[in-house]
Amino acid sequence: MSKPQILVFGECDDWDLQPLGELYELHYVPADNSLGHLSSETKEAIVGIAFRGHSQLNAAIMDEFPNLGVVANYGVGYDTIDVAHASSRGIKVSNTPDVLTEDVADLAIGLMIAQSRGIVGASAWVRSGEWQQHGEYRLGTKISGKKAGIVGLGRIGRAIGERLVPFGMDIHYYSREEKDTPNWTHHGDITELAAAVDILFVSVSGGPTTKGIVGKEAIEAVGPNGLLVNISRGTTIDEGALLDALESGALGAAALDVFLSEPNLDKRFLALDNALLQPHQSSGTVDTRKAIGALQRANLAAYFAGEPLVTPVN
Ligand code: 8YV
């Protein structure tokens, strides 16, 4: 029997391509996301998409494939996929929750410590010989015992909170509804949360409902001695207001893994010495990336076996 034909959209590690190729006939999308190289026969034959990355998988792209039945996303966030359109066409969509929660939360904690203690700049201080020439590096900010706020208490937000407990931190969070927590303080307003804490973590999922949810007022409420950590999506913060506040000192510091127009981030970020910048790598460990790929394949396998998806989105 011939293999089902699927489109590999975005980069794919060899350890994922190999098992995918055993089960499916693979077609590829080049880096510019163009589809012009695919003949109309191929487009008709494609029944699934293994999707990865942060470009748009919109209605127009889906409609190039009349027999598309499944989109298996590599990642927990599916803000770039038009799920409503997929549902309207009966296309099933899956994501990869849980398997990356720990890595993302680990990086959030790493960013907090690295930025508060100047770890990246201090390393450069040693390498450049400035330690010998000028002595001690600038002093950092203590984090243990401080107040931390988490915007969004889903899987990742909760995992961040759990990691903050051993630091003796007083934990506050924003979510629409109050959640069951070990004495963490709920706020129904993000600016109020930001004003109550020293460090603000942003961990809501992306998409239209959270666009700019952390606005100018909230950013400024974190304050000149505060730290803002974003491991969610660039869209969740008003990026212009964030840049203004970092430039003026209205916000003390930021540690950011995500940006609005990544990887072509706003050049203003590059001139800031109070911003620690990361290349959207919070799930970027070999262990976790292999687990994400395995879950993506498990969803494809379930679809082609006629079974319910393992981690369905719609
Ligand atoms: C992806 C992510 O795994 O899961 C998500 O939503 O943002 C990432 O951790 C990564 O970007 C691969 O595309």
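The largest cavity of this predicted model is lined by Val8, Phe9, Glu11, Cys12, Leu20, Ala50, Phe51, Arg52, Tyr74 and Gln296. A cavity is here a set of points, on a 1 Å grid over the protein atoms alone, where a 1.4 Å probe fits but cannot get out, and lining residues have an atom within 4 Å of a point. Strand S1 (5-9) and strand S3 (46-52) are the elements that give two or more residues to this lining, and S3 gives the most, with three residues. Strands (E, at least two residues) and helices (H or I, at least four) are DSSP runs, numbered from the N terminus. The space in the largest cavity is about 40 Å³, a volume being the space filled by probe spheres set on grid points joined across faces, edges and corners. By class, seven lining residues are nonpolar, one is polar and two are charged; Ala, Val, Leu, Ile, Met, Phe, Trp, Tyr, Cys and Pro count as nonpolar, Asp, Glu, Lys and Arg as charged, and the others, Gly among them, as polar.

Residues are numbered from 1 along each chain as its sequence is written. As the model is predicted, local features need pLDDT of at least 70 and side-chain atom pairs count only at pLDDT 80 or more, while totals for chains, interfaces and linings use all residues, and side-chain values use heavy atoms, with hydrogens and water left out.

Two of the residues that line the largest cavity, Phe9 and Phe51, also form a tilted aromatic pair, with 5.1 Å centre to centre and 50° between the planes. Rings of Phe, Tyr and Trp (its six-membered ring) pair if their centres lie within 6.5 Å; planes under 30 degrees apart count as stacked, over 60 as edge-to-face and the rest as tilted. The pair links distant parts of the chain, Phe9 being in strand S1 and Phe51 in strand S3, 42 residues apart. The count of aromatic pairs is five.

Open space was treated separately, a pocket being an open set of points with protein on both sides within 12 Å along at least five of seven lines. The second largest pocket contains about 550 Å³ of space. Its lining has 30 residues, of which Gln115, Ser116, Arg138, Ala253 and Asn274 lie nearest the centre. Helix H5 (101-117), helix H6 (119-127) and strand S12 (275-277) are the elements that give two or more residues to that lining. The classes represented are 15 nonpolar, 10 polar and five charged residues.

The ligand is surrounded by 13 residues, the closest being His54, Val76, Gly77, Arg233 and Ser283; a residue is near a molecule if one of its heavy atoms lies within 4 Å of it. This shell consists of four nonpolar, six polar and three charged residues. Polar side-chain atoms of His54 and His280 lie 2.7 Å and 2.8 Å, respectively, from an oxygen atom of the ligand. For Arg233, an N or O atom in the side chain is 2.7 Å from an oxygen atom of the ligand. The protein covers 92% of the 330 Å² of accessible area that the ligand has on its own, as computed by the Shrake-Rupley method with a 1.4 Å probe.

The peptide bond from Glu262 to Pro263 is cis, with omega near 0°, and Pro263 is placed in the loop between strand S11 (253-256) and S12. Asp98, a residue other than glycine, has a positive phi near 70° and lies in the loop between strand S5 (92-94) and H5. A positive phi, near 65°, is also found for Asn183, in the loop between strand S7 (170-174) and strand S8 (185-187).

Conventions:
A polar contact is a pair of N or O atoms within 3.5 Å; within protein, one must be able to donate a hydrogen and the other to accept it, and residues adjacent in sequence count only if both atoms are side-chain atoms.
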